[in-house]
Amino acid sequence: MPVEQTGDRIILKHPKGSTAENLLYGATVISWKAADKRHPEPFERLFVSSKAFLDGSKPVRGGIPVVFPCFGSPTHPDHSRLNQHGFARSEVWKWDSVVMDNEAGVSVRLALEPTAKITAVYNKPFHLSYVVTLAEHQLSTDLHVKNTSTSQDFPPDFLEFQALFHNYVRAPASEVLIHPLQNLKYLDKTNPVFQGPKIEARAGVDVRTYTDSVYEDAPQNYEVTWPGGGIALRSVNLKDVVVWNPRAEAGSKIGDMEDGGWERYVCLEPGFVRGFEKIEPGRTWIGQQVLSVIHEERRMNL
Ligand SMILES: O=P(O)(O)OC[C@H]1O[C@H](O)[C@H](O)[C@@H](O)[C@@H]1O
């Protein structure tokens, strides 16, 4: 069976050998295994901390948590009672359907609607659906956000939100380079005194020191490479991108981070996180990303 649902998770298997695993909790992708031309056996492409909680008691430290409707601490009045990064990553989503099941891709849809628990902290009408698609060398995730308000009032009952895919890309963190981010404006969240905006001077961005940078109006087409491997990331409607690695400086203070875990991943997170996306009643917004295996050695010349 290309799609298997066990109690709390969904397993996708592509006929060419790649696999993915999705928890209903947070709709979090916790595993994506894919081969490349040099390694014909599929291997893990995402990082999940060995100390991560997978039982629904805490957002998963790793994989691809879905951030909605706020990124970081809430700044919008509609989000004032929410935790950091919102509720989508810490609610149990519903299984919806198999969207596609052929050589082109194996694809499933999960959904999240207001529950009493959500409404107690976020009283806005919405419907989320999340489509995860596995191809031989690719994983795509699409978040559909619908404003389900039927209000005819003026001004309209807008749904205002931020959204982001918090990808923990498994990689030798001390050796990765991410590009193209040069000349982009970014906020440096590691700096308690002056966050910016600053301008990125580097052709290839590394994470050898504690990094938490929010790039604005980015190209939505990136590569993270290291000697012997890499992942390409393309996004749609996610104009910003965050690069995060806590290193020991901040990582050693994260309770569910395994020792030295920061050496084994870089977070490359496409999102709409500067300002707010705003949709009218009845309207749907779609944010999408495609993660692709890079097959050949593609080291930047810096
Ligand atoms: O610990 P979490 O709530 O999962 O957040 C983990 C990280 O997420 C993003 O990358 C933010 O830019 C960071 O500031 C934050 O530390």
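This is a predicted model: local features need pLDDT of at least 70, side-chain atom pairs count only at pLDDT 80 or more; totals for chains, interfaces and linings use all residues.

User: Which residue takes a positive phi in the hairpin of S17 and S18?

Analyst: Within this pairing, Trp226 stands opposite Gly229 in S18. The hairpin has 2 residues between the strands, and the positive phi, near 95°, belongs to Gly228.

User: What is the bridge partner of Ile178 in S17?

Analyst: S17 (residues 221-226) also pairs with strand S13 (residues 177-179), in the antiparallel sense and over 3 bridges. In S17, the residue bridged to Ile178 is Val224.

User: At which residues does UniProt place the feature "binding site", and why can they be said to gather at one spot?

Analyst: The feature comes from an unreviewed UniProt entry, which places it at Arg61, Gln84 and Arg89. These positions span 29 residues in sequence, yet they gather at one spot because no two of their C-alpha atoms are more than 13.8 Å apart.

User: Is Arg61 buried or exposed?

Analyst: Arg61 lies in the loop between strand S5 (39-44) and strand S6 (66-67). Leaving aside residues up to four places away in sequence, Arg61 touches Ser49, Lys51, Ala52, Asp256 and Met257. Because Arg61 has 21 C-beta neighbours inside 10 Å, and 20 or more are required, its class is buried.

User: Is Arg89 buried or exposed?

Analyst: Arg89 is placed in the loop between S6 and strand S7 (94-102). Its contacts, not counting residues up to four places away in sequence, are Gly26, Thr28, Pro59, Pro65, Val66 and Val67. With 22 C-beta neighbours inside 10 Å, Arg89 counts as buried.

User: Is Glu4 buried or exposed?

Analyst: Glu4 is found in strand S1 (residues 3-5). Since Glu4 has 11 C-beta neighbours inside 10 Å, and the class applies at 12 or fewer, Glu4 counts as exposed.

User: What separates the C-alpha atoms of Glu4 and Glu21?

Analyst: Glu4 and Glu21 are 17 residues apart along the chain. The separation of their C-alpha atoms is 9.5 Å.

Conventions: Residues are numbered from 1 along each chain as its sequence is written. Helices (H or I, at least four residues) and strands (E, at least two) are DSSP runs, numbered from the N terminus. UniProt positions are given in the numbering used here, feature names are shortened, and annotations may be inferred rather than shown by experiment. Two residues are in contact if their C-beta atoms, placed from the backbone, lie within 7 Å. Two strands pair if DSSP finds at least two bridges between them.
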